[in-house]
Amino acid sequence: MKKEEIYEEYGDFIFRYLVTLTKDSEAAEELTQETFYQAIKSIDNFRPDGKAKFSTWLCSIAKNMWLQEVNRQKKKQQLLGSLKGENSVSHTLEEEYFRNEDKIHFFKLAHQLDEVKREILYLRLLGDLSFKEIGSIFGETENWARVTFYRAKQQIRKGDRTDESSRF
């Protein structure tokens, strides 16, 4: 496939995917452009192995572009809050510490999942995608995405109980 044809074939799909993540068509349009720019730059890195689809590879680039933008926006908000002298955090340092520890613990458990389960977990929880949309990204059914997500949650819960007993 020629580089010029990639956008024509996948542009609308990636744009709709990013709209579901951003809930903002203007932001999705900008991220779509950045996604294809990054994809063209690194197209030689795509290695189809029979399982990986080109659309899945593009979605992972799009998701990374979106996550980078979310992080940029968070840092910008924190900087603006500190410049205004406002304490945008209304909870104590102790609460923040435990909240951060919970996040770290969750991501450690999620990291132990296989790649597909981890990706589905992230798309559902962070990307707020429906099971139908997740199934479509993987070329599977809505039910497959739902069952795989459920199994990932069960695996995390099981790992959490194991970690709880080893903490004390």
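From the N terminus on, the elements of this chain run α-α-α-α-α-α-α. That comes to seven helices and zero strands. Helices (H or I, at least four residues) and strands (E, at least two) are DSSP runs, numbered from the N terminus.

The model is predicted, so local features need pLDDT of at least 70 and side-chain atom pairs count only at pLDDT 80 or more, while totals for chains, interfaces and linings use all residues. Residues are numbered from 1 along each chain as its sequence is written, and side-chain values use heavy atoms, with hydrogens and water left out.

## Core

Buried residues make up 31% of the 168 residues in the chain. Buried means under 20% relative accessible area, exposed means over 50%, and partly exposed lies in between (1.4 Å probe, protein chains only). In soluble globular proteins, nonpolar side chains tend to be buried together.

The largest nonpolar core holds 36 residues. Such a core is a set of buried Ala, Val, Leu, Ile, Met, Phe, Trp, Tyr and Cys residues joined through side-chain atoms within 4.5 Å. Tyr17, Leu18, Phe54 and Leu58 have the most contacts inside this core. The elements giving two or more residues to this core are H1, H2 (25-41), H3 (54-83), H4 (93-111), H5 (115-125), H6 (131-138) and H7 (142-167). H3 supplies the largest share of this core, eight residues.

## Salt bridges

Side chains of opposite charge can pair when their charged atoms come close. A salt bridge here is a side-chain nitrogen of Lys or Arg within 4 Å of a carboxyl oxygen of Asp or Glu. The whole structure has five salt bridges. The table includes three of them.

| Salt bridge | N to O distance |
|---|---|
| Asp12 and Arg16 | 3.1 Å |
| Glu119 and Lys63 | 3.0 Å |
| Glu69 and Arg72 | 3.0 Å |

Which pair ties together parts that are 56 residues apart in sequence? Glu119 lies in helix H5 and Lys63 in helix H3, so this pair does. Lys63 is buried, because its relative accessible area is 11%.

Asp12 and Arg16 both lie in helix H1, four residues apart, about one turn of the helix. Asp12 is partly exposed at 48% relative accessibility. Arg16 is partly exposed at 46%. Glu69 and Arg72 are three residues apart in helix H3, so about one helical turn separates them. Glu69 is partly exposed at 25%, and Arg72 is partly exposed at 48%.

## Surface

Patches are made of residues with over 30% relative accessible area and no salt bridge; like charges are joined within 9 Å, and nonpolar side chains (Val, Leu, Ile, Met, Phe, Trp, Tyr) within 5 Å. Accessible areas come from the Shrake-Rupley method with a 1.4 Å probe; for residues, only the protein chains shown count as cover.

Glu4, Glu5, Glu8 and Glu9 form a negative surface patch. Lys and Arg count as positive and Asp and Glu as negative; His and the chain ends are not counted. The place of a charge is taken as NZ of Lys, CZ of Arg, CG of Asp or CD of Glu. Glu9 is in helix H1 (residues 3-22). Its relative accessibility is 49%, so Glu9 counts as partly exposed.

Tyr7 is also in helix H1. Tyr7 is partly exposed, with a relative accessible area of 36%.

Phe107, Leu125 and Leu126 form a nonpolar surface patch, with about 270 Å² of accessible area together. Phe107 belongs to helix H4. Phe107 is partly exposed at 34% relative accessible area.
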